[in-house]
Amino acid sequence: MYTFYAIVAFIVVFSALILVHELGHFWMAKRAGVKVEEFGIGMPPRIWGKKVGETIYSVNWIPFGGFVKMLGEDGTKAILPWTKKRSFQGQPVRKQILIVCGGVMMNLLLAFLLLTIGFVIGIEPLIVDEEDYLNAIRDGYIEVQIGVSEDMPDKEVQVQRLVYFDSDNSVFHGLLSTGDTILTADGEMILTYEDLEKVFMDSGTGEVKITASGEDIEKTFSFNLPQRCPIVSFVEIGSSAETSGLKAGDLVKSIDGVAVSSAEQIIVLTQKHDGKGSVIYEVIRDGETLIFTVPLGEKDGRAGVALADFVSSYGNLSLYSDYVPHTLLAVNPVRYGLTAPVHAISEMWRLGKMTAETFVGVLKQFLSAGGVPAGVTGPVGIAQMTYVILQDGFAAMIRFIALLSLSLGVINILPLPAMDGGHLFFLLYQGISGKKPNPKWENLIHTVGFFFLILLLVYVTFNDVLNLF
């Protein structure tokens, strides 16, 4: 019974998305004055059809896809002179492009509207890879607690963390034990080495307070960062810096009495003078601390030095990245209020690029290795997800349909045979070159592409069925 409901839910959702897509083609065709002979949901053979005006509206047996049949769409058939104005082939290339792209535009519009609504009422964060997952934890949308709770064993999740392995030459030796997990540094959550390095860079010099978890206890200690001074990499000949005594190779400890740990800090502190007065450099040269007062140039307000940072080195941290068991406490909805449309466009751009790259990768692997990457699912897998998400409520369903509509639009616009993007490719060639492609060759290419995509769909569906058992 579960499988039956899953299939029904999937057919309803997928048919709705196809209806939206085909309505885009239909609407653009009507606006261009093209005669639409049939508007079909599903693929033939036909179950039911009714002619309204000049168009047959039909429902077909194969519940995947849909079509808009236009007069003169098949370029291999001759068009009678008195029907040319109502045919697809009789339209200017510009109008043909709009008709071909109409379906994709409708899917993208639907995705935009649903995501905007979702970001107003609140939906779960859009997570498609591990970086999204980690960012959601950092931002507090996903709340986790290290360790597996006995009260919630079904809420166990794996989170990438930094784990310590004890060694005598580690800077953390005596402070941490093998297997301890870094939790925070200066109050900031630490998941990856990049997180830790950012805290170290922001802290400059001095102490960093670190908390770690190990053997069911939390440890807190202070780590003294090694002194990191930016270096004077170049001194301009004749500049005030040279006259004052600065030399290439000097390590800059402070500017105007303010300790610095990066070249950027020196630039910011120098800019506060607005090109006037002098800057006091405290530098280390051959182990000796020296102080120089450097006047800023009267014409350009520059000291005449180039500065650089050393590659960060904090000693042997003896940390490695691993997946640590956590308990999932909550998944909080994402809400953006008035800026929801902006975030919807941003997410569509990000996820659209990822969808295109993933789909092209799947095609390459299918062609080269005769298989598809793990995790790729087809109609059966999507049917299962549809039924599960349907039970999660209205917001979850909005999110799911928006992502499906976005994926459908992006995949369709790819320049592949049998896709809208494939037809668009030939139309762009015609518009640029002024030469119409050979209709027989074009139809052959689209036919071969169509059967290849069907083969891929059958393969993925077969894998989905096997995964059910």
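Reader: Which residues does Leu-126 touch, not counting residues up to four places away in sequence?

Author: On that count, Leu-126 touches Leu-115, Phe-119, Asp-132, Glu-347, Arg-350, Leu-351, Arg-399 and Leu-403, where contact means heavy atoms within 4.5 Å. This is a predicted model, in which local features need pLDDT of at least 70 and side-chain atom pairs count only at pLDDT 80 or more, whereas totals for chains, interfaces and linings use all residues. Side-chain values use heavy atoms, with hydrogens and water left out, and residues are numbered from 1 along each chain as its sequence is written.

Reader: What makes a set of residues a nonpolar core, and which residues have the most contacts inside the largest one?

Author: Such a core consists of buried Ala, Val, Leu, Ile, Met, Phe, Trp, Tyr and Cys residues joined through side-chain atoms within 4.5 Å. The largest has 24 residues, and Leu-115, Phe-119, Leu-126, Phe-359 and Leu-406 have the most contacts inside it. At least two residues of this core come from each of H2, H7, helix H9 (394–413) and helix H11 (439–467). H7 gives the most, with nine residues. In soluble globular proteins, nonpolar side chains tend to be buried together.

Reader: Why is H2 called oblique to H7?

Author: The axes of helix H2 (residues 93–121) and helix H7 (residues 340–369) come within 8 Å and cross at roughly 130 degrees. Angles under 35 degrees count as roughly parallel, over 145 as roughly antiparallel, 65 to 115 as roughly perpendicular and the rest as oblique; H2 is therefore oblique to H7. The crossing of H2 with H7 is right-handed. On the H2 side, the contact is made by Leu-108, Ala-111, Phe-112, Leu-115, Thr-116, Phe-119 and Val-120, and on the H7 side by Ala-340, Pro-341, His-343, Ala-344, Ile-345, Glu-347 and Met-348. These residues comprise 11 nonpolar, two polar and one charged (nonpolar being Ala, Val, Leu, Ile, Met, Phe, Trp, Tyr, Cys and Pro, charged Asp, Glu, Lys and Arg, and polar the others, Gly among them).

Reader: How are H2 and H10 oriented to each other, and why?

Author: H2 and helix H10 (residues 420–433) pack at an angle of about 165 degrees, with their axes 10 Å apart. H2 and H10 are therefore roughly antiparallel to each other. Their crossing is left-handed. Val-93, Gln-96, Ile-97, Val-100, Cys-101 and Val-104 of H2 meet Asp-420, His-423, Leu-424, Leu-427, Leu-428, Gln-430 and Gly-431 of H10. By class, this contact of H2 with H10 has eight nonpolar, four polar and one charged residues.

Reader: What makes Thr-192 count as buried?

Author: Buried means under 20% relative accessible area, exposed over 50%, and partly exposed in between (1.4 Å probe, protein chains only). Thr-192 has a relative accessible area of 8% and is therefore buried. Its place is the loop between strand E6 (188–189) and helix H4 (193–203). Not counting residues up to four places away in sequence, Thr-192 touches Leu-134, Arg-138, Gln-160 and Leu-162.

Reader: Is Gly-24 buried or exposed, and at what relative accessibility?

Author: Gly-24 has a relative accessibility of 1% and therefore counts as buried. Gly-24 lies in helix H1 (residues 2–32). Beyond residues up to four places away in sequence, Gly-24 touches Gly-102, Gly-103 and Met-106. The C-alpha atoms of Gly-24 and Met-105 are separated by 7.0 Å, although the two are 81 residues apart along the chain.

Reader: How many of the residues of the protein count as buried?

Author: Of its 469 residues, 40% count as buried. The secondary structure comprises 11 helices and 15 strands, which are DSSP runs (H or I of at least four residues, and E of at least two) numbered from the N terminus.

How values were computed
Axes fitted to C-alpha atoms, helices over the stretch in contact; angles between N-to-C directions. Left-handed = near helix turned anticlockwise from the far one by under 90°.
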